[in-house]
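Please examine the protein chain shown here.

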Amino acid sequence: MKNLFLLSALAVIIVSAMIAGKATAAAEPRCGAYKKASQPCMAYVQGSAETIPQACCDRLKGFLDDAKTEQRKKIAACKCVAGSASNPAYKEGRVQKVADACRFKLPPADYDCDR
């Protein structure tokens, strides 16, 4: 059950990575891997595509599989995208639709990445 929640939390992080894709301070982790993993999802999330490409889910799954290998990777992934789910540059509800289609559960927006 705990592993399922951690995997779900990582999924949120990854899906949100397509939204934020940036660190907000010098102390934050570098987010290049997260940006790269979410790249196939961007057209859908931004509203220029009507369907979620399979590559989107495939890349996010690969990223999640890698991120769950170490606690520090889980935390870094979370911090890269903290608070980004409400980014106005993305069509409303699209991030949740990606999570649903890719079978990831999004944790609450106020999730504490360090727990």
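The following questions and answers set computed values against the definitions behind the terms.

This is a predicted model, in which local features need pLDDT of at least 70 and side-chain atom pairs count only at pLDDT 80 or more, while totals for chains, interfaces and linings use all residues. Residues are numbered from 1 along each chain as its sequence is written, and side-chain values use heavy atoms, with hydrogens and water left out.

Q: How do you know that the span of helix H4 agrees with its number of residues?
A: The expected span of a helix is 1.5 Å times one less than its number of residues. Helix H4 covers residues 54-67, which is 14 residues, so it should span 20 Å; its end C-alpha atoms are 20 Å apart, and the two values agree.

Q: Why is Arg94 called buried?
A: Buried means under 20% relative accessible area, exposed means over 50%, and partly exposed lies in between (1.4 Å probe, protein chains only). Arg94 has a relative accessible area of 7%, and therefore counts as buried. Arg94 belongs to helix H6. In the protein chain, buried residues make up 41% of the 115 residues.

Q: Which residues does Arg94 touch, not counting those up to four places away in sequence?
A: Contact means heavy atoms within 4.5 Å. By that rule Arg94 touches Tyr44, Val45, Gly47, Ala49 and Glu50.

Q: Why is Ala101 called partly exposed?
A: The relative accessibility of Ala101 is 46%, so this residue counts as partly exposed. Ala101 is also part of helix H6. Beyond its neighbours within four places in sequence, Ala101 is in contact with Ile52 and Cys57.

Q: How do you know that the buried residues of H4 lie on the same side of the helix?
A: The buried residues in H4 are Cys56, Cys57, Leu60, Phe63, Leu64 and Ala67. They cover an arc of only 130° around the axis, so they are on the same side of H4. The arc is that of the directions from the helix axis to the C-beta atoms.

Q: What puts the buried residues of H6 on the same side?
A: In H6, the buried residues are Arg94, Val95, Val98 and Ala99. Their arc around the axis is only 145°, which puts them on the same side of H6.

Q: What makes a set of residues a nonpolar core?
A: A nonpolar core is a set of buried Ala, Val, Leu, Ile, Met, Phe, Trp, Tyr and Cys residues joined through side-chain atoms within 4.5 Å. The largest such core has 14 residues, and those with the most contacts inside it are Cys41, Val45, Cys56, Leu60, Val98, Cys102 and Phe104. Helix H3 (42-46), H4 and helix H6 (94-101) each give two or more residues to this core. H4 gives the most, with four residues. Another core, of eight residues, lies apart from it, and includes Cys31, Ala76, Ala77 and Cys80.

Q: How do you know that a disulfide joins Cys41 to Cys56?
A: A disulfide is a pair of cysteine sulfur atoms within 2.5 Å. The S to S distance of Cys41 and Cys56 is 2.0 Å, and a disulfide joins them. The pair links distant parts of the chain, 15 residues apart: Cys41 in the loop between helix H2 (32-38) and H3, and Cys56 in helix H4. By this rule the count comes to two disulfides.

Q: Why is the disulfide of Cys41 and Cys56 called right-handed?
A: The torsion about its S-S bond is about 100°, so the disulfide of Cys41 and Cys56 is right-handed.

Q: What joins Cys57 to Cys102?
A: A disulfide joins Cys57 to Cys102, with an S to S distance of 1.9 Å. This pair, 45 residues apart, links Cys57 in helix H4 to Cys102 in the segment after H6. With -80° about the S-S bond, this link is left-handed.

Q: Why is Cys102 called buried?
A: Cys102 has a relative accessible area of 10%, so this residue is buried.
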